[in-house]
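The following exercises concern a single protein model. Please study the sequence and the structure before reading each solution.

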Amino acid sequence: MPATNTMLARTVAALLVCICLHELYARYRARNLPPGLAGLWCPFKILRENPWLKMLQFNRKCGCAKIAADLLDKRGINYADRPRSVMAGELAGHAVVAKLHEMIEVETRRTLRLVLEDPDRLQTHVRNSITLRFAYITKEGADPLVELAELANSQLSKATTAGAYHVDIMPFLQYVPSWVPGAGFKKTAAEYAVVAREALETPHKHAVSQLAAGTALPSLSSCLLVLSMPDLTEELEDHVKWTTLTLYRGGVDTSSSLAYSLYLAMMLHPRVMKKMQQELDSAVVTSRLPTFADRPSLPYLEALFTELFRWHAPGPI
């Protein structure tokens, strides 16, 4: 027994020495690096809840506002756009958004009608308008497929929050049995995995069934499936599932966030809303809603949406 205690004490002492040496080395290296987080404990310095608040504090302490202003404000025009490729777009056929204009316009009109009828559920209407497009039209109100995707996205955000789970810092913890004290993250991960798999399979099955019935709407999922037939392997089908789900996950939060920002901006700045309304009334016949064909006649509206990206960027960091 004494020998066991001695061995344990030596192990703990060696571990502490290693940690101290690692911390000293990290601080030594940090002297030649730009200001920021450093050391073994840096992930623990970030809040689990609302981590962007802590990052904002670090930014004010360590960041250089002048450099950021020079790059993003004074020279922002250099980085605010991407080169246009006529070869890849107009000629090679990769500019496919125009093919979906009619579908987008129909969905937009439906969303505006729902907002007019039930403004208290604005967030639900906006979220449902960012449809999954697995050949799917959302139901008015609470849509089960959208709710499922929302839950999966929420769990993904929680799982990837910096410093939220020690297993991200010490990967060997993934092999610890779930009954060990402190390993509750494994149960959480199992629950998240079930939801993620359901969010992957359910919309894909709907798209496949619509294709089989001949009633599929234009969508990335249906397009990929049609192009893959009759040589659709299990591996390729899995790629289709993950591609469509990843694209939806990557765009739904940012798109919804910008839509919310628009409503907020109009409430805070009625003068801007009035000017935008005047442009719409002068460019569009009042008996109809605007379409993509009216876009060249609405420069103020175009500038307003561009400003939303700067004013309320979806990424808080």
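**Exercise 1. State where Arg 110 lies and whether it is buried or exposed.**

Step 1. Arg 110 is placed in helix α5, residues 101-117. Helices (H or I, at least four residues) and strands (E, at least two) are DSSP runs, numbered from the N terminus.

Step 2. The relative accessible area of Arg 110 is 17%. Buried means under 20% relative accessible area, exposed over 50%, and partly exposed in between, with a 1.4 Å probe and protein chains only. Arg 110 is therefore buried.

Step 3. His 125 stands 15 residues from Arg 110 along the chain, and the C-alpha atoms of the two are separated by 9.2 Å.

A note on the basis of these values: the model is predicted, local features need pLDDT of at least 70, side-chain atom pairs count only at pLDDT 80 or more, and totals for chains, interfaces and linings use all residues. Residues are numbered from 1 along each chain as its sequence is written, and side-chain values use heavy atoms, with hydrogens and water left out.

**Exercise 2. Describe the overall make-up of the protein.**

Step 1. The protein contains 12 helices and 0 strands.

Step 2. Of its 317 residues, 26% count as buried.

Step 3. Contact means heavy atoms within 4.5 Å. Among contacts between residues at least 6 apart in sequence, 56% join residues at least 24 apart.

**Exercise 3. Identify the residues of the largest nonpolar core and the elements that supply them.**

Step 1. A nonpolar core is a set of buried Ala, Val, Leu, Ile, Met, Phe, Trp, Tyr and Cys residues joined through side-chain atoms within 4.5 Å. The largest one has 11 residues: Leu 258, Leu 262, Ala 265, Met 266, Val 272, Met 276, Leu 280, Leu 298, Leu 301, Leu 304 and Leu 308.

Step 2. Two or more residues of this core come from each of α10 (234-268), α11 (270-283) and α12 (299-311). The largest share, 4 residues, belongs to α10.

Step 3. Leaving aside neighbours within four places in sequence, Leu 304 is in contact with Leu 262, Met 266, Val 272 and Met 276.

Step 4. Another core, of 5 residues, lies apart from the largest one and includes Leu 148, Ala 152, Val 195 and Ala 199.

**Exercise 4. Determine how α10 and α11 are arranged.**

Step 1. Axes are lines fitted to C-alpha atoms, for helices over the stretch in contact, and angles run from 0 to 180 degrees between N-to-C directions. The axes of α10 and α11 come within 5 Å and cross at roughly 105°.

Step 2. Angles under 35 degrees count as roughly parallel, over 145 as roughly antiparallel, 65 to 115 as roughly perpendicular and the rest as oblique. The two helices α10 and α11 are therefore roughly perpendicular to each other.

Step 3. Met 266, Met 267 and Leu 268 of α10 meet Pro 270, Val 272, Met 273 and Met 276 of α11. This contact has 7 nonpolar, no polar and no charged residues. Here Ala, Val, Leu, Ile, Met, Phe, Trp, Tyr, Cys and Pro count as nonpolar, Asp, Glu, Lys and Arg as charged, and the others, Gly among them, as polar.

**Exercise 5. Determine how α7 packs against α8.**

Step 1. Helix α7 (residues 144-159) and helix α8 (residues 184-213) pack at an angle of about 140°, and their axes are 9 Å apart.

Step 2. α7 is therefore oblique to α8.

Step 3. By class, their contact has 9 nonpolar, 2 polar and 3 charged residues.
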